[in-house]
Amino acid sequence: FEHMEVAVDSTLVGVSKPDRRIFEIGLRRLGLPAEKVAYVGDRYETDMEGAKGAGLTTVWVSHPHYENDVDEGIADYAIRSFSEMLEIVEKWK
């Protein structure tokens, strides 16, 4: 994990997504409050619902064949590629 500061493995901590506690463990390990962290994920139900439940800003990397099956109100941002993350990062500066 050369480019990661923190990794949380559900098999080691005993909780898994979408349980918000796995995100809270990550926040504690980072030493950051939820309002300073964005979670990027591509699985709407597990990633977006869990991260939002922990108070994180959520960025959903959407898949065209899943877009009709989600509640657009949960994710703060929806992008189609990671290159679109630059716009979101600029807003956070």
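**Pocket lining.** I began with what lines the largest pocket, and helix 2 supplies the largest share, five residues. By pocket I mean an open set of points on a 1 Å grid over the protein atoms alone, where a 1.4 Å probe fits, with protein on both sides within 12 Å along at least five of seven lines; lining residues have an atom within 4 Å of a point. Helices (H or I, at least four residues) and strands (E, at least two) are DSSP runs, numbered from the N terminus.

**Ground rules.** I am reading a predicted model, where local features need pLDDT of at least 70, side-chain atom pairs count only at pLDDT 80 or more, and totals for chains, interfaces and linings use all residues. Residues are numbered from 1 along each chain as its sequence is written, and side-chain values use heavy atoms, leaving out hydrogens and water.

**Back to the pocket.** I counted 16 lining residues, with V6, V8, G26, L30 and Y39 nearest the centre. Helix 2 (20–30) and strand 1 (38–41) are the elements that each give two or more of them.

**Helix 2.** Which residues of helix 2 are buried? I found I22, F23, I25, G26 and L27, where buried means under 20% relative accessible area with a 1.4 Å probe, protein chains only. Their cover includes helix 1 (10–13), strand 1 and helix 3 (44–53). After helix 2 comes G31, with a positive phi near 75°.

**A54.** I looked up its contacts (heavy atoms within 4.5 Å). Leaving aside residues up to four places away in sequence, A54 touches R20, F23, E24, L27 and A34.

Notes
Buried means under 20% relative accessible area, exposed over 50%, partly exposed in between (1.4 Å probe, protein chains only).
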